[in-house]
Amino acid sequence: MATGNKKDETKISPYFIAIAAGLLIILLAVLLVMSGVLDHAFSGNSTEESPAAETAASAAPSEVPESTAPSPTPTETPTYQIYVTAGGGGDAYATTNTVKDGESDHITVIPDVGYAVGSISINGIPSGYSGSFDLTEIHMDTVIHIEFVSMQTEETGTPENEE
């Protein structure tokens, strides 16, 4: 049975309602700022975009002018070492000791007086060269070894072709 007694009813203070409403407005504003809606509303743009137009615009690839497009990174060309060794009786050297893949190098062979080139090997394989030569299409580190032979006989000490 209802008695109509006002003491049993719970009253909500108007101050409590104002504070709760204020907190809800602040919470809503924070959420809108975080989602970017308020930034767009207060940015001064009078044009409004629908969410579908915004999605379509973001899906289209952006065009970058050629002058500001990042340049592709060049692939590093491998470089190789050229090692030249010579036995007694002369000297030999490469024009450069480092070459890029596929490049060439000139090998200079200088026998001492009374000596001649005996053999030239490239990476341990006889080459058939008998003097200075160009090493072409280099694709690995390369070791060139030159052996010199004396042109004098052991018995007489004179060159072999003077008898």
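Here is a walk through the structure shown above, from its confidence scores to its helix, its sheet and a few individual residues.

Keep in mind that this is a predicted model, in which local features need pLDDT of at least 70, side-chain atom pairs count only at pLDDT 80 or more, and totals for chains, interfaces and linings use all residues. Residues are numbered from 1 along each chain as its sequence is written, and side-chain values use heavy atoms, with hydrogens and water left out.

Let's begin with confidence. The score to know is pLDDT, the predictor's confidence in each residue, from 0 to 100. The protein chain averages a pLDDT of 77, and 64% of the residues score at least 70. Residues 53-60 are a stretch to read with care: pLDDT is below 50 there, and beyond near neighbours in sequence the stretch has 1 contact in the model (contact means heavy atoms within 4.5 Å).

Next, the helix. Helices (H or I, at least four residues) and strands (E, at least two) are DSSP runs, numbered from the N terminus. Helix H1 takes in residues 14-35, which makes 22 residues. The expected span of a helix is 1.5 Å times one less than its number of residues. For H1 that gives 32 Å, and the end C-alpha atoms are 32 Å apart, so the two agree. At the start of H1, Ser13 points a side-chain oxygen to within 3.2 Å of the backbone nitrogen of Tyr15.

Now for the sheet. What order do the strands take? Reading across, you pass S3, S1, S8, S5 and S6, which are the 5 strands of an open sheet with mixed pairing. Strands S3 (98-100) and S6 (125-126) are the edges, each pairing on one side only. Two strands pair if DSSP finds at least two bridges between them.

S3 and S1 are antiparallel and share 3 bridges; at one of them, Thr79 has Lys100 in S3 as its partner. S1 (residues 79-86) then runs parallel to S8 (residues 142-150), with 5 bridges between the two. Along that pairing, Tyr83 stands opposite Val143, and Ala86 stands opposite Ile146. From S8 you step to S5, an antiparallel pairing with 7 bridges. Last, 2 bridges link S5 (residues 115-122) to S6, again antiparallel. Ser121 is a handy landmark here: its bridge partner in S8 is His145, while in S6 it stands opposite Pro126. As background, side chains in a regular strand alternate between the two faces of the sheet.

Is Thr142 buried or exposed? Buried means under 20% relative accessible area, exposed over 50%, and partly exposed in between (1.4 Å probe, protein chains only). With 4% relative accessibility, Thr142 counts as buried. Leaving aside neighbours within four places in sequence, Thr142 is in contact with Gln81, Ile82, Tyr83, Ile122, Asn123 and Leu135. A polar atom of the Thr142 side chain also sits 3.0 Å from the backbone oxygen of Met140.

Most residues other than glycine have a negative phi. Asn123, in the loop between S5 and S6, has a positive phi of about 55° although it is not a glycine. Glu137, in the loop between strand S7 (133-135) and S8, is also not a glycine and has a positive phi of about 50°. Asn123 is partly exposed, at 35% relative accessibility, whereas Glu137 is exposed, at 53%.

Finally, look around S7. Asp134 belongs to this strand and is partly exposed, with a relative accessible area of 46%. Not counting residues up to four places away in sequence, Asp134 touches Asp105, His106 and Tyr129. Asp134 and Asp105 are 29 residues apart in sequence, yet 5.8 Å apart in space, C-alpha to C-alpha. With His106, the Asp134 side chain makes a side-chain polar contact of 2.6 Å (a pair of N or O atoms within 3.5 Å; within protein, one must be able to donate a hydrogen and the other to accept it, and residues adjacent in sequence count only if both atoms are side-chain atoms).
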